[in-house]
Amino acid sequence: MAIEFKQVNYLYKSFLHENSFSLNNLSLSINSGEFILVAGQTGSGKTTFLRLLDTLILPSNGEINFDGQIINNSSPEKILMKVRRNFGFVFQFPQRQLFSPTVLDDVEFAALNFGNNKAEASKKAKEVLKQIGIEEDLWEHSVFNLSVGQMRKVAIAGALVNQPKYLLLDEPTSGMDEYAKNDLLKILNYFHEQGATIIAVSHDINTLAPLVDRAIIFRRGKIISDNNPTKIFSKPMNADIQPPSTVSFARSIGLKSTPLSIDELADEIEAINE
Amino acid sequence: MNNIFGRFLPTDSLLGKLDPRTKIVIDFFFVIILLFANSWLTYGILIFFVAFAIYCSKIPIKVFWLGLRSILSLVILMMLIQLLLTAPSDQSDILISFGWLRISSTGLINSIIIALRFFLMIFMTTVLTVTTPSTSIADGISSLLKPLSKIGLDTKTFALLISMTLRFVPILSDEFSTIVDAQRSRGLSLKTGSIVKRTKTLIPMIIPLISVAFKKALTLADTMEIRGFIDAKSRTSFHQLKFQKIDLIVLIIFTVISFSIVYFSYAKL
Amino acid sequence: MMVSAIVINNLSFSFDDGQELFRQLSLQVNRGEWLSLVGRNGSGKSTLMRLILGLETPSSGTIKVAARLGAVFQNPEDQFIGATVEDELAFGLENQQIKPELMPNKIKETLQEIGMSDYAKSSPDQLSGGQKQRVAIGSALILNADVLFFDEATSMLDPLARESIINLIGKLHKQNPNLTIINITHDPDEILWGQRAVVLEKGKIIADEPAKVLMSDIDFLHHHQLGETFVSKLVSKINQKRSLNRKIPSSIISQKELLSWLLNSNK
């Protein structure tokens, strides 16, 4: 067990929004090496959950245990920084975090902030840029002249530069075409195999369900399901989450199983034919 | 999403029905009248007036509290300055003395008054912006400034600018909090380091804000152009301002209160 | 007889930095058509739309538009000008100098068309992304737009909102036979909603054919890195496991077709 939420409440001071952003009495644990999909409608609390994980916000009450370090409402910034350096967070829009004159500078940023000197930071940045597949001739480019796809990769590199134990992603596939998605999934798989724990908030269930070991579904600040995706989508879903297209198709031809990938679905269809 | 400036909350309240001009005029003169208040009685009247306005707005009180919180640190700073810099008028005025530090009851009262003035002002402006859509505020200002268009001032463009600003302040403030979080997640710390280091932390926050604002502005300009916007002068207005009986009544009540404040402030009751 | 809504002749366009995007591009869009504009990022889809909308100026060539244009962009947050839904719908009417007393009725009608009658006084803060896109559609409809552009307008929405927006577009297109839809999209299943698909690659039209024909040309899609429909992917997977005489034809691209094919072949 690596992270444990103990009866965490988070009250958001929402006033003009009809959606409340609060989280209610949340208890769960996250094991190291897991790949988790977090789903739910807008305002269900899934983004708040990510922010709590990165200690960008603190529990109103309750506590979170990060590998032995306990964080609660009154934890000082110094301790939070210590926890945060184990996390990489990729936000939905890369434009909201890129600012440096060059790609390399931008990727170095988190490494410098978390105590590396310039030489170390530069070495780490180059390494991660290679792993992610950003060509060397782009390293000295301005971040503002990149295509949207490249910007996103640079943002991911910027989050991964410290080789974080935990990678948090907010709607990582939003606005991407299929080939860009496949590119991203390769990167995620690579870091997952290296031992990173990945937690992705996404409504792109078709893309992520076949990959993850665990899915957590939020509704109105509470977890309503937390299980492996096959178990979750084998039950009829509530109106706020759609099952993967593969499952809907399986149901429409009378299959009882829960295939999450097209491969599995094809197998199932062939099985009844024989 | 802590900034409540410019966020309109539709309710079915008396204040929502008022002509925006009435609310703007009252807000404007309220700030002036506030300067006249100089006694517990005059402040009492104003507090009562503001409380009554909040009650009539049907807006939950926590909305006002949130509006206040965003400037609370500023208010506390001003209170402290008053508290520390007000010299005691005589020996009996000193409340606490600790070395060179002397806190006087005059200073204490002054700092409370400062805070009170701020709170009342913020509450009144919040009543205006939360009960009135930004476009109506703009229409109201445009209409009030109409006499100036005779001397060549482009009041319609001015009004549209105000309404756009009111609309985009909250959006950009939400964006800004996302940007700050994105950089904090990369180890930017706003709470540690020297002043120089902390000033430097502004760069990773300001540059993305400018880039996002620029992008939003371009999309917005496209959207306006596609919907046939040429210039603000050649437009009609959906909101027809109607000055009703209720506006007259509210204005009369406010005038009476204003005069009583001025009167009592000179009468020193 | 087909009536053209948009006629593009020999259009050339270069970016400010001199880089050429379009050279002698010609395209004709008929009134009432639903056309999907497909291509990878940087292929010129959005720029072509911006040229037609008059937001960019061509270097040479002509674009004739015999229709009123409206557009819905990707990010629902960036296109909301007004303080409330009704203000937003009124914005275009105000620009057209419509008399204020005529506005409430028009707004009411449009709200009904987009299924937002209960939200006239709502502020954008209170709307979901899907609802904001509905309002953006309404803002075009209220100006009697008969060509609607969608620039990846569903790509940031959750699956349920996406479905409801595409259903709304489908409903509007059915109701008004003269309404032309030009949808820029990455979503292969969305392409099948339209009759025609135009594929752009580096500023050139590399395919212009019925949507069904394009989506069943799997080799072409692979070669140009375009996505396949869910059913196409499933069919190829099943075919990998089957002997030659039992292969499912690649012309089967929709769920309905596949279902009936599976049922028939099982008999």
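Predicted model: local features only at pLDDT ≥ 70, side-chain atom pairs only at ≥ 80, totals over all residues.
Let me start with chain B. Chain B has eleven helices and two strands. Read from the N terminus, the order is α-α-α-α-β-β-α-α-α-α-α-α-α. So much for the order; now the dimensions. Along the principal axes, the C-alpha atoms of chain B fill a box of roughly 70 × 60 × 40 Å. Of its 269 residues, 29% are buried. Take the contacts in chain B between residues at least 6 apart in sequence: 80% of them join residues at least 24 apart.

What does the record say about chain B? An unreviewed UniProt entry lists residues 28–56, 63–87, 107–130 and 248–266 of chain B under "transmembrane region". I checked two of those stretches against the model. Residues 28–56 of chain B come out as 90% helix and 0% strand. The end C-alpha atoms of that stretch are 19 Å apart. Residues 63–87 of chain B come out as 92% helix and 0% strand. There the end C-alpha atoms are 37 Å apart.

Next, one helix pair in chain B. Helix H2, residues 20–36, packs with helix H5, residues 105–131. Their axes are 10 Å apart, and the angle is about 175 degrees. How do H2(B) and H5(B) run relative to each other, parallel or antiparallel? An angle over 145 degrees counts as roughly antiparallel, so H2(B) and H5(B) are roughly antiparallel. On the H2(B) side, the contact is made by Lys23(B), Ile24(B), Asp27(B), Phe30(B), Val31(B) and Leu34(B). On the H5(B) side, the contact is made by Arg117(B), Leu120(B), Met121(B), Met124(B), Thr125(B) and Leu128(B). By class, the residues of this contact are eight nonpolar, one polar and three charged.

On to chain C. Its secondary structure comes to ten helices and nine strands. The radius of gyration of chain C is 20 Å. The globule rule gives 18 Å for 267 residues, which is close, so chain C is as compact as a globular protein of that length. The C-alpha trace of chain C spans about 70 × 45 × 40 Å along its principal axes. Buried residues are 48% of the 267 in chain C. Of the contacts in chain C with a separation of 6 or more, 66% are between residues 24 or more positions apart.

Now the interfaces. First, chain C with chain B. The contact takes 32 residues from chain C and 26 residues from chain B. On the chain C side, strand S5 (69–72) and helix H2 (85–95) are the elements that give two or more residues. Which of them gives the most? H2(C) does, with seven residues. The chain C side divides into 14 nonpolar, eleven polar and seven charged residues.

Then chain A with chain C. Here 26 residues come from chain A and 26 residues from chain C. On the chain A side, the elements that give two or more residues are helices H5 (148–160), H6 (178–193), H9 (245–252) and H10 (262–273). H10(A) gives the most to that side, with seven residues. By class, the chain A side has nine nonpolar, twelve polar and five charged residues.

Finally, some single residues. Most residues other than glycine have a negative phi. Thr55(A) is not a glycine, yet its phi is positive, about 55 degrees. Thr55(A) sits in the loop between helix H1 (46–53) and strand S4 (61–66) of chain A. Is Thr55(A) buried or exposed? The cut-off for buried is 20 or more; Thr55(A) has 23 C-beta neighbours inside 10 Å, so it counts as buried.

Asn144(C) is the second case: again not a glycine, with a positive phi of about 55 degrees. Asn144(C) lies in the loop between helix H4 (129–141) and strand S6 (147–151) of chain C. Asn144(C) is exposed, because 12 other C-beta atoms lie within 10 Å.

Ala121(A) belongs to helix H4, residues 118–132, of chain A. With 23 other C-beta atoms within 10 Å, Ala121(A) is buried. What does Ala121(A) touch, not counting residues up to four places away in sequence? The list is Glu108(A), Ala111(A), Leu112(A) and Asn116(A). Gly40(A) is 81 residues away from Ala121(A) in sequence, and the two are 37 Å apart in space, C-alpha to C-alpha.

Definitions and conventions. Residues numbered from 1 in each chain as written. Chains lettered and ligands numbered in written order. Helix = DSSP H or I, 4+ residues; strand = E, 2+ residues; numbered from the N terminus. Contact = placed C-beta atoms within 7 Å. Nonpolar A, V, L, I, M, F, W, Y, C, P; charged D, E, K, R; others polar. UniProt positions renumbered as here; feature names shortened; annotations may be inferred. Rg over C-alpha atoms; globule rule 2.2 N^0.38 Å. Axes fitted to C-alpha atoms, helices over the stretch in contact; angles between N-to-C directions. Parallel < 35°, antiparallel > 145°, perpendicular 65-115°, else oblique.
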